[in-house]
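Morning, everyone. Let me put one model on the screen and walk through it.

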Amino acid sequence: MAFFDDVVTATQKAGKKVGDKTKEIVNSTKQRMKLHDIEEKISNQYRSLGEYIYATSKTDANTAEEMQARIAVIDALKAEYEEQKVILAEAKNDVRCNVCGKFTEKEYDFCGFCGARLAK
């Protein structure tokens, strides 16, 4: 009976590991989708700003205030994008480099961006 108990225990542990990994992948995918949505919004705002600048430059209208408002929207989206990148990195348990601030996978000893040794 001890053999079967060991098999059941091992199977339960394996099932838990698979379940945990599945949750990690689902969360990571959700974060990547959020990042993609924000990237798309930023692109649309850049396009809109470019079209606005082009259209108003033809008419010589006073556009500084409107342009600043559009730039503020882009800046807000970029800030949200950076926040989502941090959330994704933390969900993946990535390590932040103390030198450059970029995230690197936890298995590595050195930062893939600046080469500094990563704190574990």
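Start at cysteine 111. It is buried, with a relative accessible area of 5%. Buried here means under 20% relative accessible area, exposed over 50%, partly exposed in between, with a 1.4 Å probe and protein chains only. Cysteine 97 is buried as well, at 2% relative accessibility.

A word on the source. This is a predicted model: local features need pLDDT of at least 70, side-chain atom pairs count only at pLDDT 80 or more, and totals for chains, interfaces and linings use all residues. Residues are numbered from 1 along each chain as its sequence is written, and side-chain values use heavy atoms, with hydrogens and water left out.

For cysteine 97, the nearest cysteine sulfur belongs to cysteine 114, 3.6 Å away, and cysteine 97 is in no disulfide. Cysteine 111 is in no disulfide either; its nearest cysteine sulfur is that of cysteine 100, at 3.6 Å.

Now the fold. The protein chain has two helices and two strands. From the N terminus the order is α-α-β-β. These are DSSP runs, numbered from the N terminus: helices are H or I with at least four residues, strands E with at least two.

What about the overall shape? The radius of gyration is 23 Å, well over the 14 Å that the globule rule gives for 120 residues, so the chain is more spread out than a compact globule. That radius is taken over C-alpha atoms, and the rule is 2.2 Å times the number of residues to the power 0.38. Along the principal axes, the C-alpha trace spans about 85 × 30 × 15 Å. Of the 120 residues, 18% count as buried.

Next, contacts, meaning heavy atoms within 4.5 Å. Take the contacts with a separation of 6 or more: residues 24 or more positions apart account for 35% of them.

Leaving out residues up to four places away in sequence, arginine 70 touches Gln45, Ser48, Leu49 and Tyr52. Arginine 70 and serine 48 are 22 residues apart along the chain, and their C-alpha atoms are separated by 8.4 Å.

That is the tour. Questions, please.

Definitions and conventions. A disulfide is a pair of cysteine sulfur atoms within 2.5 Å.
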